[in-house]
Amino acid sequence: MKTIGLVDYYINEWHANNYPKWIKEISENTGKDFVVKYAWAEKDVAPVGGMNTDEWCKEHDIEKCDTIEELCKKSDYIIVLAPANPEKHLEYAEQVLKFNKNTYIDKTFAPDYKTAKKIFELGNEYGTPFFSTSALRYASELADFKECQSAIVMGDGVSFDEYIIHLVEIAVKIMGIGCKRVRTINQIKQNVCTLDYGDGKMVTLNFATGMPYALSVCNKEGQLKFTNLSFGYFKNLMHKILEFFETGKSDFDGAETLEVMKIIEKLIEAKGKEGAWLAL
């Protein structure tokens, strides 16, 4: 049995509540033999629902660890969660990555580009394979989009700052790195962002509560294609995480994660500079 440990800020949250059962389901269907066995949370009581770590572990049949060190020693692989608290990821990475165990760090990877670079430096220092992504990178429909010249990406979330990661991840997935400048225009309940790659290559992000995840793309030949993104991307991500645990290799370059963080940081800054272009 290959054991996985969950590191979280508080454990009773949506990602922690779903990842173990999805990993179990995939393991049973593929014979990979992974199980989420350990958990540690910095904050004992979740802010929503009031469940504490002991209660959560009992409900999910997972063993509570008293320290990150204990979890890292016992686990074969590690998932750092705290999806709503990326400001904690560097602190957790400093403790986790030194154990040299393949690690997945949940979205949003870091609160800013500078911190993201520090986490990559830690990974290089310890020689520990890790990766991070929004689950939207693995929406099955994205495989159909090649050599994109322009795109409109739509989606929603509770707040712009936390959920714009999903739209930016899609943009970087289909366009690659090399964004030169960005801007954000606030249109009442919509945030309309533009990513300019130069030479006429651009992406528009339309973020609004209740907006379905969808995109339209125009390729170099001028062909236009539109699609909604189906919810299967989370289980696709679980498959990718388990593949990464087995191989120590991600299917995309970490430079894309740094690009995502750079774009997000500038888009959030641009919210206060209505319509102004900010260089990356």
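This is a predicted model: local features need pLDDT of at least 70, side-chain atom pairs count only at pLDDT 80 or more; totals for chains, interfaces and linings use all residues.
Local features need pLDDT of at least 70 and side-chain atom pairs count only at pLDDT 80 or more, whereas totals for chains, interfaces and linings use all residues. Residues are numbered from 1 along each chain as its sequence is written, and side-chain values use heavy atoms, with hydrogens and water left out.

View 1. The largest pocket has a volume of about 420 Å³. A pocket is an open set of points on a 1 Å grid over the protein atoms alone where a 1.4 Å probe fits, with protein on both sides within 12 Å along at least five of seven lines; the volume is the space filled by probe spheres set on the points, which are joined across faces, edges and corners. Its lining numbers 24 residues (those with an atom within 4 Å of a point), and Trp 14, His 15, Lys 107, Glu 162 and Tyr 163 are the closest to the centre.

**View 2. The lining of the largest pocket.** At least two lining residues come from each of helix H1 (14–30), helix H6 (160–175) and helix H7 (233–247); helices are DSSP runs of H or I with at least four residues, strands are runs of E with at least two, and both are numbered from the N terminus. H6 gives the largest share, 3 residues.

**View 3. The second largest pocket.** The second largest pocket has a volume of about 290 Å³. Of its 15 lining residues, Pro 20, Lys 24, Val 35, Val 36 and His 60 lie nearest the centre. H1 and strand E2 (34–41) each give two or more residues to this lining, and the largest share, 6 residues, belongs to H1.
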